[in-house]
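This report describes the nonpolar cores of one protein structure and the setting of one of its strands. Please consult the sequence and the structure shown below while reading.

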Amino acid sequence: MKKCAPIFLAAVSAILIFSFTVIPDPHKLPVPDKNNGGLYLPGNFRAVVVVDSLEGRARHLAVNTNGDVFVKLRFPDSIGGNVVLRDTNHDGRADIIKKFGNYEDKGSYGTGMRVHKGYLYFSSEVNVYRIKLNPKTLVPAGPMELILHDKNAPHEHDAKPLAFDDKGHMYVAFGAPSNACQVQNRVPGSMGVKGCPLLKDYGGIWRFDEAKHNQLQKDGIRYATGLRSVVAMDWNTADSCLYVVAHGRDDLRLQFPKLFTPWQSAVLPAEEFLKVKQGTDAGWPYYYYDPFKKKLMLNPEYGGDGKKEGNSATYTKPIMAFQAHWAPNDLLFYTGNQFPERYKNGAFIAFHGSTNRSPYPQAGFFVCFVPFKNGAPTGQWEIFADGFTGRNTVVSVSDALYRPMGVSMGPDGSLYVSETEKGRVWRIFYQGDKTKFTSAQLLKMEQRKKLPGFKLPDVMRNNMASAMLTGGAKLYNMYCANCHQKNGKGDGNLFPPLAGSEWVTGGKFMEKDLAIRVLLNGLEGPVKVKNVPYNSVMPKHNFLSDNQIAQILTYIRNNFGNNSSLVTASEVKKVRASIAGGK
């Protein structure tokens, strides 16, 4: 008996310790952040920030059956292109963060991340990989299997979103390396190539074996076509069908200024929510969807003028249209039970937000919900999560604090959202009795549709370039006209033209950066402008304020035959700071 006493006492001690130890319940909801991590949510929905920021930032994400969160990094490094987050004390916040997956990614556009049949699938711009998951290990320890290689990548619109059906197939979108299949891509006035040869390998969705290694595009079948760029894609188990929210084309005004106004370019064409079956043709590059006419219209590259419909009736129409350039970047059909019943089988869409609605405010930047039943929307789209940008009006996309990217469902039915600018991740859940949910909880979110980030811009009142153009004209005549002349054509000898100059007409921020730097730093030759050499000196203009430089460049970029987006004071401030920091 004495020999058994230590064992008996140890057992009693273990029982006592166990009885006084709190065992965390993985399905118990965490305490939400006081301000929901900066998000506006309907009714009794709450949010907690899982991780505030990630080195490498974030693209898509996927949640494992044990609650671990996998995130595809926007900027992979030698340590890894993915990261796993674990919440060990179940307070909703990740306390373990580990990078893994050392693979080649040729850009920041690789985007797919899905958990499927015990594997983690993810993509770069070039490849689709998978790793076997083990619930007992934090970092997947299995080999990284190459499932698909795209030998034509990388190129424009080269995301690799993934979706899986229930028959062993994997669906991958192949974006088109073009805006509208022009003879010269994005060159104003260049017409479209007849019979667009790009459609053979691009602008569609291909179906593959989900488990076969080392597949090439030719090993799959072209499942659907006529889709310029798809990043948001999911399989709806409720009706066993593939759905996408496609990016519409852009630059109508820039490419054909005689046919389209700046306002039309800002609000056309729609982003299209499409039900995709085998053989679907959504009409790219020949057609775009006009949400006002509710019709597919002939693209100007193929003879359209904003009024011609052509043979549009032969192509698939969207089941719902969203405002232009909102950039739909993820789609999830909700199958969980944590949310109120009305959300079951509905669609969540992460809109990354526009970059090219200038001179009108940028828009989007939210998570949308579309109620669904029997394979069709049962109501209008709703704002589900907003507040990502940190402001009501976004003049330039760089002003947005956060930009939603990915959505994924956790094992308890919580919704996880990732964003690209800091790499923040939120967990959204419903708090309280979900059976008492009513449509009244949606009213405040419906009111947010009146904010600049959602409402259609007024042609005159919301044109932010008008005042800048007036002030810019005065500043241009004071500081620039002596050399570059009032008509912007230069003197044909020492001073280069600004009309059509590649030094001033770039559309995105990194392209505007060049023009801003030239004004701040000055420029000393020899240089080439429009393939003509010049060798003179332009003095620094860093004595001008950020707003004055923004006005001058906005004026230059919208006169002399130029047709580019406005430059903001915040963009100038950002470049000025980088110069001061030696970058």
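The largest nonpolar core has 25 residues, of which Phe45, Phe339, Tyr343, Phe348, Phe384, Leu415 and Ile428 touch the most other members. A nonpolar core is a set of buried Ala, Val, Leu, Ile, Met, Phe, Trp, Tyr and Cys residues joined through side-chain atoms within 4.5 Å; buried means under 20% relative accessible area, with a 1.4 Å probe and protein chains only. Among the elements that give two or more residues to this core are strands E1 (45-51) and E30 (425-430); strands (E, at least two residues) are DSSP runs numbered from the N terminus. A second, separate core of 24 residues includes Ile516, Ala550, Ile552 and Val572.

The model is predicted: local features need pLDDT of at least 70, side-chain atom pairs count only at pLDDT 80 or more, and totals for chains, interfaces and linings use all residues. Residues are numbered from 1 along each chain as its sequence is written, and side-chain values use heavy atoms, leaving out hydrogens and water.

Strand E16 (residues 241-247) is largely enclosed by the rest of the structure, because seven of its seven residues are buried. Cys241, Tyr243, Val245 and His247 point one way from E16, while Leu242, Val244 and Ala246 point the other way. Two strands pair if DSSP finds at least two bridges between them, and the table lists the pairings of E16.

| Partner of E16 | Sense | Bridges |
|---|---|---|
| E15 (residues 229-236) | antiparallel | seven bridges |
| E17 (residues 271-276) | antiparallel | five bridges |

Val230 has Ala246 of E16 as its bridge partner, and Val244 stands opposite Leu274 in E17.

Key:
Buried < 20%, exposed > 50% of the residue type's maximum accessible area, 1.4 Å probe, protein only. Helix = DSSP H or I, 4+ residues; strand = E, 2+ residues; numbered from the N terminus.
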